[in-house]
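Please look through the sequence and the model shown here before reading on.

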Amino acid sequence: MGKPKVSSDWLAGCAGCHMSLLDMDERIATVLELADLRSTPITDLKEPDATGVDVGILEGAISNTYNEEVAQKMRQRCKILVALGDCAVFGGVPAMRNFFTIEESLRRAYVETESTDESGKIPDDPELAVPTKVRALQDVVPVDVFVPGCPPDADTIFYVLAELAQGRIPEVKGDKLHWH
Amino acid sequence: MVTQKITIEPVTRIEGHAKVTIRMNDAGKVDHAYLHVNEFRGFEKFCEGRMVFEMPLITPRICGICPVSHHLASAKTGDAIYGATPPHPASLLRELMHMGQIVQSHGMHFFELAGPDLLLGFDADPAIRNVAGLLAADPALTLKAVNLRKWGQEIIHTLGGRRVHPNFAIPGGVNKALTAQERETILAGLDDSIATIQVGIAIIKDWAEKNAEDIDKFAVFATGYMGLVDQNNALELYDGQLRMTDSRGKQLEKFEPSHYLDYIAEHVENWSYLKFPYYKKMGYPQGVYRVGPLGRCNNSESITTPLANEELNKFKALNPGKPVENTLLYHYARLIETLYAAENVRLLLDDPDILSTDILNTCRNIQPEGVGVIEAPRGTLIHHYKVNENAQITSVNLIVSTGHNNWAMSEAVDSVAKAYITGPDIREGMLNRVEAAIRAHDPCLSCSTHAVGQMPIILEMVDSDGKLIESVTRD
Ligand code: SF4
């Protein structure tokens with residue numbers, strides 16, 4: 001068997017979980033030895049291989065139709081799906097939007113803000129994703145591994161990746177849930 | 001006759017998600033290329049009802065690459081609302097944290113995100129055109145880059161307890177003083193960091209010499225510029241006055257950041273969730289301007305640290321007496337600022353007040369509104385909150401760094417598409433150049449998507465009725 005293939009992507013998150021992944025510093029070289037990094041936001045392949053990958057990692061909540069598509073494609077193409085960080089695990093900060101209607105939030109941003117000029121309108125071009133209620137990843141697709149934290153500690157992410165790359169399902173508990 | 005549309009989605013090696021659609025005309029030439037920022041998150045609405053002191057912890061979740069910018073801009077807004085000017089040592093410590101962030105964010109962008117294009121080539125195999133490919137090609141350099149980012153992140157960690165989403169600045173000051181031991185640890189990494197930044201500067205200059213054609217063909221256009229400066233118009237990143245200059249380098253305005261609404265307005269286009277800020281008196285689009293490293297280096301007359309100032313003079317000599325307009329030179333400007341940030345770390349650590357424990361002003365003289373402005377790695381970041389008598393938020397307006405560059409990024413995408421896609425034979429390297437036009441701005445689309453978010457690129461072919469004929473995604 002070759003190295004396990006790993007893909008990742010971000011949904012409605014802040015990129016902080018991917019930053020925490022880079023915060024493993026020089027250990028990133030170890031991860032690259034253990035795993036074959038395929039599509040990720042920092043590589044140039046655009047989506048997980050059509051032939052499938054072993055591990056799929058998603059950061060961020062589901063907040064629009066495009067997030068749903070990305071999550072579904074990742075689920076179809078990966079064997080083990082990891083929800084990385086609070087946004088993916090339970091909705092996190094983006095889910096605060098659910099206290100308001102989508103219309104209220106859009107009107108505030110594109111019409112009512114003090115600096116918006118008279119061109120203010122809610123963008124609705126067909127190229128754009130349509131905002132939805134904000135949900136956790138598992139509300140849209142089945143998830144195999146949950147890694148909470150905002151963001152999870154780099155040590156925890158390293159442990160999770162190293163376990164997965166060696167064919168084991170990581171147990172995220174005890175110290176691994178302690179993030180500073 | 002078939003009109004084509006090419007879609008590049010997602011744009012990679014940028015922060016956040018974007019999508020580019022390139023519409024081709026009947027003659028097979030590029031008609032117009034659009035940059036769609038494709039996500040909306042709604043921080044401006046859902047922060048309503050929160051307490052002002054919560055904002056420095058909520059708003060960093062807009063962006064995990066430069067969370068410190070939101071953390072500090074939010075705390076500065078809180079200072080204004082509480083009427084609590086931070087004591088001098090607290091301002092020094094905040095600035096120190098900010099310098100750590102500039103180093104980690106700029107350093108990562110140059111080596112890990114843009115580096116693969118510059119060091120491996122725009123036309124390199126997309127499967128290896130990334131940091132792993134860089135590691136294979138030059139392990140020693142990649143390790144240096146990793147250590148540079150680590151040094152910056154550790155400054156943040158030391159002060160705020162964590163690398164991403166630190167807890168440090170609060171309205172009126174900060175919640176932790178620096179110890180003598182911590183000061184020594186930061187100093188110990190300084191010389192290596194400066195050396196790595198200088199290696200980066202040598203790389204970009206060498207690259208610029210060898211790729212003069214790309215640089216001159218690649219998104220060169222006139223705009224205004226904006227950024228914070230001090231009283232002598234020297235570069236400022238933490239505090240100062242906002243200065244705007246025009247396309248010839250002449251000063252248009254210099255004003256207190258709290259008056260931003262008199263000078264800046266935002267235009268909305270239907271095809272993007274990212275708004276288009278402009279200089280109000282000139283209108284849209286005549287009043288568009290650029291921010292971030294290129295904007296700031298054009299907009300500042302000097303830099304207060306010697307090594308960076310020497311580089312700034314060389315940068316300015318590229319177009320004597322006028323602003324440098326080449327989008328690819330963002331990379332050079334970014335490293336000049338990184339050098340300044342590292343040199344400034346030394347100045348801050350040498351300040352006699354840096355170890356003081358006088359770090360919090362507890363005044364609570366609640367004002368109805370406040371504005372906090374900072375130069376984030378990617379440009380001017382504006383937070384503006386209104387509160388009720390309990391300092392509970394009633395409204396939030398955010399203008400994020402990447403927003404100011406929205407027009408310029410769109411223009412760069414359009415101009416690079418037109419320059420490189422000239423016939424029916426569309427190759428991956430051409431599309432990667434279109435992406436590189438965006439990447440040069442180091443956009444932070446999570447930030448722009450406080451109100452906005454996903455930025456994918458796609459080339460789609462549509463007929464004249466808009467029906468999709470073919471979609472080319474890079475794979
Ligand atoms: S969990 Fe936190 S760090 Fe991760 S994407 Fe969400 S807000 Fe960012």
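The accessible surface of chain A comes to about 7200 Å², and 53% of that surface belongs to carbon and sulfur atoms; such areas are computed by the Shrake-Rupley method with a 1.4 Å probe, and for residues only the protein chains shown count as cover. The model is a predicted one, in which local features need pLDDT of at least 70 and side-chain atom pairs count only at pLDDT 80 or more, while totals for chains, interfaces and linings use all residues. Residues are numbered from 1 along each chain as its sequence is written, chains are lettered from A and ligands numbered from 1 in the order in which they are written, and side-chain values use heavy atoms, with hydrogens and water left out.

**The two chains**

Chain A has 6 helices and 7 strands, where helices (H or I, at least four residues) and strands (E, at least two) are DSSP runs numbered from the N terminus. Read from the N terminus, the elements of chain A follow the order β-α-α-β-β-β-α-β-α-α-β-β-α. The radius of gyration of chain A is 18 Å, close to the 16 Å that the globule rule gives for 180 residues, so chain A is as compact as a globular protein of that length; this radius is taken over C-alpha atoms, and the rule is 2.2 Å times the number of residues to the power 0.38.

Chain B comes to 16 helices and 16 strands. For its 475 residues a compact globule would have a radius of gyration near 23 Å, and the 22 Å of chain B agrees with this.

The table sets out some values for each chain, with buried meaning under 20% relative accessible area, exposed over 50% and partly exposed in between (1.4 Å probe, protein chains only).

| Chain | Span of the C-alpha trace along the principal axes | Buried residues |
|---|---|---|
| Chain A | about 60 × 35 × 30 Å | 62% of 180 residues |
| Chain B | about 70 × 50 × 40 Å | 66% of 475 residues |

Contact means heavy atoms within 4.5 Å. Among the contacts in chain A with a separation of 6 or more, 79% are between residues 24 or more positions apart, and in chain B 70% of the contacts between residues at least 6 apart in sequence join residues at least 24 apart.

**Where the chains meet**

The contact between the chains takes 60 residues from chain A and 83 residues from chain B. The area buried between them is about 6000 Å², of which carbon and sulfur atoms give 56%; buried area here is the accessible area (1.4 Å probe) that two parts lose on being put together, summed over both. On the side of chain B, F40(B), N270(B) and Y273(B) lose the most area to chain A, together 12% of what that side buries.

**Two residues of chain B**

S272(B) lies in the loop between β9 (264-267) and β10 (276-279) of chain B, and is buried, with a relative accessible area of 1%. Not counting residues up to four places away in sequence, S272(B) touches P123(A) and L128(A), as well as L35(B), H36(B), V37(B) and N406(B).

C47(B) is placed in the loop between α1 (43-46) and α2 (55-58) of chain B. Is C47(B) buried or exposed? C47(B) is buried, with a relative accessible area of 1%. Leaving aside neighbours within four places in sequence, C47(B) is in contact with M55(B), I58(B), I393(B) and V396(B).
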